[in-house]
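Take a moment to look over the sequence and the 3D view. Then follow the chain step by step with the paragraphs below.

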Amino acid sequence: MNETQTEKRRFTYAEAKALLPRVQHLTQEAHARVERLLDGGAKAPQVREQAQSIVNAWATEMGGLGLDIKGLWLVDFDNGSGYYCWKHPEPSLDYYHTYEEGFRRRVRIQ
């Protein structure tokens, strides 16, 4: 493995739950910044570029934590057989889906 390759992170449910408050905080912060930009009503290209920059920084930060970004404000914690799935503003980590099924087929964790 060279310096540009990173090993994919696997999470136990306990590890994912422990990391979730940080993920929620960072996501809420980025989401609020984007909302403030867009609520101004301006559609100028620089506003869209700033919003995209915030989203890109959020995605980079989530990736740095070992998460898979599956959409806007949507992340998955890989557990080796599928994903624990969280989407802003869900209050907790309550869903799972297999690698094949994805967000639409996620099920509540019992």
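The structure, a predicted model, holds 4 salt bridges. Side chains of opposite charge can pair when their charged atoms come close. One of the bridges joins Asp78 and Arg10, with the closest N and O atoms 2.6 Å apart. This pair links distant parts of the chain. Asp78 sits in strand E2, while Arg10 belongs to the segment before H1, 68 residues apart. Asp78 has 1% relative accessibility, so Asp78 counts as buried. Arg10 is partly exposed, at 45%.

Another salt bridge pairs Asp76 with Lys70. Here the closest N and O atoms are 3.6 Å apart. Asp76 counts as buried, because its relative accessibility is 2%. Lys70 is partly exposed, with a relative accessible area of 42%.

Glu90 and Arg106 also meet through their side chains, in a salt bridge of 2.3 Å from N to O. Glu90 lies in the loop between E3 and E4, and Arg106 in the loop between E4 and E5, so the pair ties together parts that are 16 residues apart in sequence. Glu90 is buried, at 16% relative accessibility. Arg106 is buried too, with a relative accessible area of 17%.

Now turn to His97, found in strand E4. Its relative accessible area is 3%, so His97 is buried. Which residues surround His97? Leaving out residues up to four places away in sequence, His97 touches Asp76, Gly82, Tyr83, Cys85, Gly102, Phe103 and Arg106. The side chains of His97 and Asp76 are joined by a polar contact of 3.0 Å. The His97 side chain also reaches the backbone nitrogen of Gly102, at 3.5 Å.

Step back to the whole chain. The protein chain contains 2 helices and 5 strands. Along the sequence the pattern reads α-α-β-β-β-β-β. The 5 strands form an open sheet in the order E1-E2-E3-E4-E5, with antiparallel pairing. E1 and strand E5 (107-108) are the edge strands, each pairing on one side only. E2 and E3 run antiparallel and are joined by 5 bridges. Leu74 has Lys87 in E3 as its bridge partner. Where do the helices go? Helix H1 (residues 13-39) packs on the sheet and touches E2 and E3. Its direction makes about 30 degrees with that of E3. Helix H2 (residues 45-64) also packs on the sheet, touching E1 and E2. The direction of H2 makes about 140 degrees with that of E1.

Two spots in the backbone deserve a look. Trp73 lies in the loop between strand E1 (68-71) and strand E2 (74-78). Its phi is near 65 degrees, a positive value in a residue other than glycine. Trp73 is buried, with a relative accessible area of 8%. Pro89 is found in the loop between strand E3 (82-87) and strand E4 (95-98). A cis peptide bond joins His88 to Pro89, with omega about 10 degrees.

Finish with the overall figures. The C-alpha trace spans about 45 × 40 × 25 Å along its principal axes. Of the 110 residues in the chain, 36% count as buried. The chain exposes about 7,100 Å², and carbon and sulfur atoms supply 50% of that area. Among contacts between residues at least 6 apart in sequence, 40% join residues at least 24 apart.

Methods. Residues are numbered from 1 along each chain as its sequence is written. This is a predicted model: local features need pLDDT of at least 70, side-chain atom pairs count only at pLDDT 80 or more; totals for chains, interfaces and linings use all residues. Side-chain values use heavy atoms; hydrogens and water are left out. Helices (H or I, at least four residues) and strands (E, at least two) are DSSP runs, numbered from the N terminus. Buried means under 20% relative accessible area, exposed over 50%, partly exposed in between (1.4 Å probe, protein chains only). A polar contact is a pair of N or O atoms within 3.5 Å; within protein, one must be able to donate a hydrogen and the other to accept it, and residues adjacent in sequence count only if both atoms are side-chain atoms. Contact means heavy atoms within 4.5 Å. Two strands pair if DSSP finds at least two bridges between them. Axes are lines fitted to C-alpha atoms, for helices over the stretch in contact, and angles run from 0 to 180 degrees between N-to-C directions. Accessible areas come from the Shrake-Rupley method with a 1.4 Å probe; for residues, only the protein chains shown count as cover.
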